[in-house]
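User: I'd like to go through the packing and the charged pairs in this model. Can you take my questions one by one?
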Amino acid sequence: MMDFLGQWSGKGRGMVWLLRRRPRGYKNFLLSTLSARLRTGRSFGNPVSITLEPTNICNLRCPVCETGAGLLGRKSEIMSYEKFVKIVNKVGPGANHLMFYYMGEPFLNKEAYRMIRYARDMGLYVTTCTNGDLISPEALYESGINHISFQIGGLTQETHQVYRQNSDLSRVLKNLRSYVSIIREKGKKLDEHEIELGFIVMKQNENEIEGVLRLGKDLKVRTTLISPCVRTPEQGKEFLPPDEKYWLYDRQSLEKCGRLIIKRVLPWRACPWIYYSITIHVDGNVVPCCRDPQGKYIMGNLLSDPLERVWNGKGFKRFRYQFSRRQDHLPLCALCPGEGTPDLK
């Protein structure tokens, strides 16, 4: 799993930034904003942000991730190109961007580069997140992808594999350097192919932060320090770094009471995600947001149902209504900071 909670929390300007830069989907954004303000069960606009899972399989065994820990509870699948096209044709025309990843390593799907190319040709801004082990730098360049984040867990193999178990750091960095070199060889500017080096800050690697920042500067790529996401108090004690600024959780609650309580960014009953964004599992099932990796709240299926029947069907309308009135009774929201939109800048 690419760590949504860690990567996106604390940043709420990304969708607006993208819409200003490329106004595709702006009408749906405005209509959805009205729906969110009115707290309606129906979203007046179609999804602006798409999260799509090309596979729920991963080559790594990251201990905090449901996929890596073997706790996903869903059939392991790889989406076919034909199914991808069918889904994107339904949800893509009115959207602004596609997040091409979820509970697996996207480039385990051999059709990943072709899928990205299709979405780009449709006019979508495409971003992805990868562990970097399986990338083909040449194919990645030809796909036309807008943004990619290579996420590592350390500057040495020893610290990297504490979290990124089964990963080869030297191979990841080689792929990253190769991709940067290809872009330069083609005479392109790096900001036309946005590259990010993501560093998951943990107890084991906090002393390597300065080195990671220097590496990013040398490569001339953006470096992002990612607050780690954990699922249990035990994992919190094992992985959370000493410096509290990298915590998504209330430290006092964890240390004194042994409880994981998220720091709220937006107030309760405020969540643009369920009005702007659609999250699609590898089998076509739609869930309310990225906090449902196991598929406990199925809203419909985009391989069999029209978009409107899913997006504004009984299940989704009921969920939005319940959220706006009884959010504290929804387990799905317990470990979410309530942040609305990802910063893709």
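User: Is arginine 74 buried or exposed?

Analyst: First, a caveat: this is a predicted model, where local features need pLDDT of at least 70, side-chain atom pairs count only at pLDDT 80 or more, and totals for chains, interfaces and linings use all residues. Residues are numbered from 1 along each chain as its sequence is written, and side-chain values use heavy atoms, with hydrogens and water left out. Buried means under 20% relative accessible area, exposed over 50%, partly exposed in between (1.4 Å probe, protein chains only). Arginine 74 has a relative accessible area of 17%, so it counts as buried.

User: Which residue does glutamate 53 form a salt bridge with?

Analyst: A salt bridge here is a side-chain nitrogen of Lys or Arg within 4 Å of a carboxyl oxygen of Asp or Glu. Glutamate 53 is buried, at 0% relative accessibility. Its closest N and O atoms are 2.9 Å apart in the pair, and the partner is arginine 74.

User: How exposed is arginine 309, which meets aspartate 305 in a salt bridge?

Analyst: Those two side chains come to 3.8 Å, N to O. Aspartate 305 is buried, at 17%. Arginine 309, by contrast, is exposed, with a relative accessible area of 54%.

User: How many residues are in the largest nonpolar core?

Analyst: A nonpolar core is a set of buried Ala, Val, Leu, Ile, Met, Phe, Trp, Tyr and Cys residues joined through side-chain atoms within 4.5 Å. Ile50, Phe84 and Ile280 are among those with the most contacts inside the largest one. Its residue count is 69.
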